[in-house]
Amino acid sequence: MTTWLAKHLIALAWFEIFIASGAIASDLTGARTTIIKEISGSNLDIGIAALCVESGKKLSVNGSRRLPMASVYKFPIALAILNQVQKREIDLAERIQILASDIRKGALGPIAKKYPQGGVRLSVSTLLKYMVSDSDNSASDLLLKRLGGPKAATQIMIDWGFKQISIDRYEKELIEQANTPGSGQLDTASAEELVALYAKFWSGQLLSTKYTHLLKALMTHARTPQHIGNGLPSETKIFHKSGWCSRNECINDTALITLPENRGHLAIAILVSGDIKDTEQVSRMIGRIARIVFDAILSVNRSVSSPSSVAKA
(Lines give C-alpha, C1' and ligand atoms only; values in the text may rest on other atoms or scores of the structure.)
Protein backbone atom coordinates (compact mmCIF):
# COMPACT_ATOMS: atom_id res chain seq x y z
CA MET A 1 0.00 0.00 0.00
CA THR A 2 1.39 3.40 -0.97
CA THR A 3 1.95 6.05 1.66
CA TRP A 4 -0.58 8.29 -0.10
CA LEU A 5 -3.28 5.60 -0.05
CA ALA A 6 -2.64 4.76 3.62
CA LYS A 7 -2.96 8.42 4.60
CA HIS A 8 -6.10 8.72 2.48
CA LEU A 9 -7.76 5.79 4.22
CA ILE A 10 -6.80 7.10 7.65
CA ALA A 11 -8.21 10.52 6.79
CA LEU A 12 -11.40 8.91 5.52
CA ALA A 13 -11.77 6.92 8.74
CA TRP A 14 -11.34 10.05 10.87
CA PHE A 15 -13.86 11.89 8.68
CA GLU A 16 -16.36 9.06 9.28
CA ILE A 17 -15.73 9.30 13.02
CA PHE A 18 -16.22 13.06 12.93
CA ILE A 19 -19.51 12.70 11.08
CA ALA A 20 -20.67 9.99 13.48
CA SER A 21 -19.79 12.18 16.45
CA GLY A 22 -21.99 14.91 15.06
CA ALA A 23 -24.79 12.40 14.59
CA ILE A 24 -24.36 11.26 18.17
CA ALA A 25 -24.74 14.77 19.52
CA SER A 26 -27.69 15.37 17.21
CA ASP A 27 -29.45 12.13 18.17
CA LEU A 28 -29.18 12.68 21.93
CA THR A 29 -30.04 16.36 21.66
CA GLY A 30 -33.08 15.43 19.60
CA ALA A 31 -34.12 12.79 22.13
CA ARG A 32 -33.74 15.25 24.99
CA THR A 33 -35.86 17.81 23.13
CA THR A 34 -38.54 15.18 22.50
CA ILE A 35 -38.57 14.21 26.19
CA ILE A 36 -38.89 17.83 27.28
CA LYS A 37 -41.91 18.17 24.98
CA GLU A 38 -43.34 14.95 26.42
CA ILE A 39 -43.26 16.25 30.00
CA SER A 40 -44.01 19.91 29.25
CA GLY A 41 -47.21 21.16 30.78
CA SER A 42 -47.06 18.60 33.57
CA ASN A 43 -47.31 19.88 37.13
CA LEU A 44 -45.22 16.93 38.30
CA ASP A 45 -41.58 16.95 39.35
CA ILE A 46 -39.75 14.63 36.95
CA GLY A 47 -36.11 13.56 36.93
CA ILE A 48 -34.72 11.50 34.05
CA ALA A 49 -31.26 10.12 33.38
CA ALA A 50 -29.81 7.48 31.09
CA LEU A 51 -26.29 6.14 30.72
CA CYS A 52 -24.85 3.68 28.22
CA VAL A 53 -22.59 1.46 30.33
CA GLU A 54 -20.03 0.69 27.63
CA SER A 55 -19.76 4.03 25.79
CA GLY A 56 -20.48 6.38 28.69
CA LYS A 57 -22.97 8.34 26.56
CA LYS A 58 -25.42 10.21 28.81
CA LEU A 59 -28.81 11.85 28.59
CA SER A 60 -30.34 13.89 31.40
CA VAL A 61 -33.47 15.96 31.92
CA ASN A 62 -33.57 17.32 35.48
CA GLY A 63 -31.32 14.36 36.24
CA SER A 64 -29.49 16.07 39.13
CA ARG A 65 -32.73 16.84 40.96
CA ARG A 66 -33.19 14.80 44.14
CA LEU A 67 -36.57 13.09 44.34
CA PRO A 68 -38.14 10.44 46.59
CA MET A 69 -37.00 6.91 45.78
CA ALA A 70 -39.81 4.98 47.51
CA SER A 71 -39.14 1.26 46.99
CA VAL A 72 -36.38 1.99 44.48
CA TYR A 73 -34.22 2.34 47.59
CA LYS A 74 -34.37 -1.43 48.00
CA PHE A 75 -31.82 -1.73 45.19
CA PRO A 76 -29.07 0.17 47.08
CA ILE A 77 -30.09 -1.66 50.28
CA ALA A 78 -29.59 -4.98 48.46
CA LEU A 79 -26.19 -3.82 47.25
CA ALA A 80 -25.25 -2.81 50.80
CA ILE A 81 -26.33 -6.19 52.18
CA LEU A 82 -24.31 -8.10 49.57
CA ASN A 83 -21.34 -5.83 50.25
CA GLN A 84 -21.44 -6.99 53.88
CA VAL A 85 -21.92 -10.61 52.80
CA GLN A 86 -18.86 -10.28 50.60
CA LYS A 87 -16.92 -8.96 53.59
CA ARG A 88 -18.21 -11.92 55.63
CA GLU A 89 -19.89 -9.63 58.13
CA ILE A 90 -23.29 -11.10 57.16
CA ASP A 91 -24.00 -14.65 56.00
CA LEU A 92 -26.68 -15.43 53.40
CA ALA A 93 -27.55 -18.58 55.37
CA GLU A 94 -27.99 -16.65 58.61
CA ARG A 95 -31.57 -16.95 59.90
CA ILE A 96 -33.39 -13.94 61.32
CA GLN A 97 -36.25 -14.23 63.83
CA ILE A 98 -39.43 -12.51 62.63
CA LEU A 99 -41.87 -11.26 65.24
CA ALA A 100 -45.44 -10.07 64.78
CA SER A 101 -44.15 -6.50 65.19
CA ASP A 102 -41.87 -7.01 62.19
CA ILE A 103 -44.79 -7.60 59.82
CA ARG A 104 -45.78 -4.52 57.87
CA LYS A 105 -49.55 -4.52 58.11
CA GLY A 106 -51.34 -3.88 54.85
CA ALA A 107 -48.26 -4.92 52.89
CA LEU A 108 -48.79 -7.22 49.93
CA GLY A 109 -45.45 -8.99 50.19
CA PRO A 110 -45.04 -12.73 50.73
CA ILE A 111 -44.02 -12.43 54.40
CA ALA A 112 -47.26 -10.67 55.42
CA LYS A 113 -49.24 -13.24 53.41
CA LYS A 114 -47.44 -16.36 54.63
CA TYR A 115 -46.60 -15.35 58.20
CA PRO A 116 -49.08 -12.65 59.31
CA GLN A 117 -48.25 -13.31 62.98
CA GLY A 118 -44.52 -13.77 62.56
CA GLY A 119 -43.10 -16.61 64.61
CA VAL A 120 -40.70 -17.78 61.94
CA ARG A 121 -37.00 -17.61 61.15
CA LEU A 122 -36.02 -16.79 57.57
CA SER A 123 -32.57 -16.73 56.02
CA VAL A 124 -30.93 -13.54 54.78
CA SER A 125 -30.99 -15.12 51.31
CA THR A 126 -34.77 -15.59 51.44
CA LEU A 127 -35.32 -12.09 52.80
CA LEU A 128 -33.13 -10.68 50.02
CA LYS A 129 -35.23 -12.50 47.40
CA TYR A 130 -38.48 -11.22 48.95
CA MET A 131 -37.16 -7.65 49.14
CA VAL A 132 -35.76 -7.46 45.60
CA SER A 133 -38.07 -9.69 43.56
CA ASP A 134 -41.30 -8.98 45.47
CA SER A 135 -40.51 -5.55 46.98
CA ASP A 136 -41.52 -6.91 50.39
CA ASN A 137 -41.53 -4.10 52.96
CA SER A 138 -41.17 -6.45 55.93
CA ALA A 139 -38.08 -8.04 54.38
CA SER A 140 -36.65 -4.62 53.57
CA ASP A 141 -36.92 -3.41 57.17
CA LEU A 142 -35.50 -6.65 58.57
CA LEU A 143 -32.47 -6.50 56.28
CA LEU A 144 -31.95 -2.80 56.88
CA LYS A 145 -31.99 -3.47 60.62
CA ARG A 146 -29.49 -6.34 60.20
CA LEU A 147 -27.27 -4.01 58.19
CA GLY A 148 -27.14 -1.58 61.12
CA GLY A 149 -29.89 0.83 60.09
CA PRO A 150 -30.40 3.47 57.41
CA LYS A 151 -27.21 5.37 58.23
CA ALA A 152 -25.11 2.26 57.64
CA ALA A 153 -26.66 1.76 54.20
CA THR A 154 -26.16 5.43 53.28
CA GLN A 155 -22.55 5.31 54.43
CA ILE A 156 -21.83 2.46 52.02
CA MET A 157 -23.27 4.59 49.20
CA ILE A 158 -21.03 7.47 50.27
CA ASP A 159 -17.99 5.17 50.44
CA TRP A 160 -18.74 4.17 46.85
CA GLY A 161 -18.88 7.82 45.80
CA PHE A 162 -22.67 8.31 45.73
CA LYS A 163 -23.53 11.33 47.86
CA GLN A 164 -26.98 11.89 46.38
CA ILE A 165 -28.43 8.52 47.35
CA SER A 166 -29.77 8.84 50.87
CA ILE A 167 -31.47 6.06 52.87
CA ASP A 168 -32.96 7.72 55.95
CA ARG A 169 -35.87 5.62 57.23
CA TYR A 170 -37.33 2.16 57.46
CA GLU A 171 -40.30 1.36 55.21
CA LYS A 172 -42.61 1.52 58.23
CA GLU A 173 -41.54 5.12 58.84
CA LEU A 174 -41.77 5.98 55.16
CA ILE A 175 -45.46 5.07 55.16
CA GLU A 176 -46.32 6.52 58.56
CA GLN A 177 -44.55 9.83 57.90
CA ALA A 178 -45.72 10.31 54.31
CA ASN A 179 -47.35 13.68 55.05
CA THR A 180 -44.96 14.85 57.74
CA PRO A 181 -43.43 18.27 56.88
CA GLY A 182 -39.96 17.83 55.45
CA SER A 183 -40.33 14.09 54.89
CA GLY A 184 -40.09 14.64 51.14
CA GLN A 185 -36.43 15.52 51.59
CA LEU A 186 -35.67 12.09 53.06
CA ASP A 187 -34.89 8.86 51.21
CA THR A 188 -34.14 10.72 48.01
CA ALA A 189 -31.76 10.30 45.11
CA SER A 190 -30.98 11.91 41.79
CA ALA A 191 -31.70 9.99 38.61
CA GLU A 192 -28.10 10.61 37.51
CA GLU A 193 -26.61 8.91 40.55
CA LEU A 194 -29.04 6.00 40.32
CA VAL A 195 -28.00 5.22 36.74
CA ALA A 196 -24.34 5.58 37.74
CA LEU A 197 -25.01 3.07 40.55
CA TYR A 198 -26.58 0.65 38.05
CA ALA A 199 -23.65 1.06 35.66
CA LYS A 200 -21.02 0.43 38.34
CA PHE A 201 -22.95 -2.57 39.60
CA TRP A 202 -23.39 -4.05 36.12
CA SER A 203 -19.72 -3.63 35.26
CA GLY A 204 -18.67 -5.48 38.41
CA GLN A 205 -17.13 -2.51 40.23
CA LEU A 206 -19.19 -2.89 43.41
CA LEU A 207 -19.52 -6.63 44.05
CA SER A 208 -17.70 -9.82 43.11
CA THR A 209 -18.91 -11.76 40.07
CA LYS A 210 -20.78 -14.24 42.29
CA TYR A 211 -22.87 -11.62 44.08
CA THR A 212 -23.30 -9.45 41.01
CA HIS A 213 -24.89 -12.42 39.22
CA LEU A 214 -27.06 -13.19 42.23
CA LEU A 215 -28.57 -9.71 42.34
CA LYS A 216 -28.97 -9.58 38.55
CA ALA A 217 -31.03 -12.78 38.71
CA LEU A 218 -33.26 -11.45 41.48
CA MET A 219 -33.93 -8.22 39.59
CA THR A 220 -34.47 -9.93 36.26
CA HIS A 221 -37.30 -11.96 37.78
CA ALA A 222 -38.84 -9.07 39.71
CA ARG A 223 -42.60 -9.39 40.11
CA THR A 224 -43.17 -5.71 40.79
CA PRO A 225 -44.96 -3.05 38.70
CA GLN A 226 -43.02 -2.30 35.54
CA HIS A 227 -43.25 1.02 33.72
CA ILE A 228 -40.02 1.35 31.72
CA GLY A 229 -40.33 -2.12 30.23
CA ASN A 230 -43.88 -1.49 29.04
CA GLY A 231 -42.56 1.00 26.49
CA LEU A 232 -39.89 -1.31 25.05
CA PRO A 233 -40.02 -4.16 22.53
CA SER A 234 -41.42 -7.29 24.18
CA GLU A 235 -38.24 -9.29 23.65
CA THR A 236 -36.05 -6.72 25.45
CA LYS A 237 -33.97 -8.12 28.31
CA ILE A 238 -34.39 -5.91 31.36
CA PHE A 239 -33.98 -5.96 35.10
CA HIS A 240 -35.48 -3.22 37.17
CA LYS A 241 -36.66 -1.84 40.51
CA SER A 242 -39.74 0.33 40.63
CA GLY A 243 -41.25 2.35 43.45
CA TRP A 244 -44.53 3.90 44.51
CA CYS A 245 -45.22 6.46 47.23
CA SER A 246 -48.34 6.14 49.33
CA ARG A 247 -51.23 8.38 48.29
CA ASN A 248 -49.86 8.38 44.73
CA GLU A 249 -47.20 10.97 45.55
CA CYS A 250 -44.56 9.32 43.38
CA ILE A 251 -44.17 6.66 40.72
CA ASN A 252 -40.62 5.59 39.82
CA ASP A 253 -38.86 3.02 37.74
CA THR A 254 -35.16 2.30 37.32
CA ALA A 255 -33.65 -0.34 35.08
CA LEU A 256 -30.70 -1.87 33.29
CA ILE A 257 -31.57 -2.77 29.71
CA THR A 258 -29.67 -5.08 27.37
CA LEU A 259 -29.71 -3.42 23.96
CA PRO A 260 -30.33 -5.60 20.88
CA GLU A 261 -27.69 -6.42 18.27
CA ASN A 262 -24.97 -6.56 20.98
CA ARG A 263 -25.10 -2.76 21.21
CA GLY A 264 -24.35 -2.65 24.93
CA HIS A 265 -26.36 -1.93 28.06
CA LEU A 266 -28.45 1.05 29.07
CA ALA A 267 -29.06 2.21 32.64
CA ILE A 268 -32.11 4.42 33.01
CA ALA A 269 -33.95 6.08 35.90
CA ILE A 270 -37.26 7.94 35.68
CA LEU A 271 -38.54 9.49 38.90
CA VAL A 272 -41.96 11.18 38.97
CA SER A 273 -43.14 13.01 42.07
CA GLY A 274 -46.12 15.21 42.94
CA ASP A 275 -49.90 15.07 43.12
CA ILE A 276 -50.50 12.21 40.69
CA LYS A 277 -54.13 12.05 39.60
CA ASP A 278 -53.87 9.20 37.08
CA THR A 279 -51.32 6.49 37.84
CA GLU A 280 -51.90 4.66 34.54
CA GLN A 281 -51.23 7.86 32.61
CA VAL A 282 -47.94 8.39 34.43
CA SER A 283 -46.96 4.76 33.87
CA ARG A 284 -47.57 5.14 30.14
CA MET A 285 -45.56 8.38 30.11
CA ILE A 286 -42.61 6.61 31.75
CA GLY A 287 -42.84 3.91 29.09
CA ARG A 288 -42.86 6.48 26.29
CA ILE A 289 -39.83 8.28 27.73
CA ALA A 290 -37.98 4.99 28.05
CA ARG A 291 -38.68 4.19 24.39
CA ILE A 292 -37.40 7.60 23.25
CA VAL A 293 -34.14 7.01 25.13
CA PHE A 294 -33.89 3.39 24.00
CA ASP A 295 -34.24 4.28 20.31
CA ALA A 296 -31.82 7.22 20.57
CA ILE A 297 -29.08 5.27 22.37
CA LEU A 298 -29.47 2.34 20.00
CA SER A 299 -29.08 4.71 17.04
CA VAL A 300 -26.03 6.31 18.63
CA ASN A 301 -24.37 2.96 19.24
CA ARG A 302 -24.97 1.92 15.65
CA SER A 303 -23.27 5.13 14.53
CA VAL A 304 -20.30 4.49 16.78
CA SER A 305 -19.80 1.00 15.39
CA SER A 306 -19.61 2.07 11.73
CA PRO A 307 -16.31 4.06 11.79
CA SER A 308 -14.43 1.23 13.47
CA SER A 309 -15.31 -1.13 10.64
CA VAL A 310 -14.13 1.46 8.11
CA ALA A 311 -10.85 1.91 9.97
CA LYS A 312 -10.26 -1.86 10.04
CA ALA A 313 -10.81 -2.06 6.29
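There is one disulfide in this structure, counting as such any pair of cysteine sulfur atoms within 2.5 Å. Keep in mind that you're looking at a predicted model, where local features need pLDDT of at least 70 and side-chain atom pairs count only at pLDDT 80 or more, while totals for chains, interfaces and linings use all residues. Residues are numbered from 1 along each chain as its sequence is written, and side-chain values use heavy atoms, with hydrogens and water left out.

So which cysteines does the disulfide join? Cysteine 245 is joined to cysteine 250, with an S to S distance of 1.9 Å. A disulfide is a covalent bond between the sulfur atoms of two cysteines. The torsion about the S-S bond of cysteine 245 and cysteine 250 is about 80°, which means the disulfide is right-handed. Cysteine 245 counts as buried at 14% relative accessibility, and cysteine 250 is buried too, at 0%. Here, buried means under 20% relative accessible area, exposed means over 50%, and partly exposed is anything in between (1.4 Å probe, protein chains only). Another buried cysteine is cysteine 52, at 1% relative accessibility.

Now for the charged side chains. A salt bridge here is a side-chain nitrogen of Lys or Arg within 4 Å of a carboxyl oxygen of Asp or Glu, and by that rule the count comes to 10. Among them is the one between arginine 146 and glutamate 94, at 2.6 Å from N to O. This pair links distant parts of the chain, with the two residues 52 residues apart. Arginine 146 sits in helix H5 (residues 137-147), and glutamate 94 in the loop between helix H2 (74-86) and strand E4 (95-98). Those labels follow DSSP runs numbered from the N terminus, with helices (H or I) of at least four residues and strands (E) of at least two.

Next, have a look at arginine 263, which forms a salt bridge with glutamate 261, the closest N and O atoms being 3.4 Å apart. Arginine 263 has a relative accessible area of 21%, so it counts as partly exposed. Glutamate 261 is also partly exposed, at 46%.

Finally, aspartate 275 pairs with lysine 277 in a salt bridge whose closest N and O atoms are 2.8 Å apart. Aspartate 275 is partly exposed, with a relative accessible area of 47%, whereas lysine 277 is exposed, at 71%.
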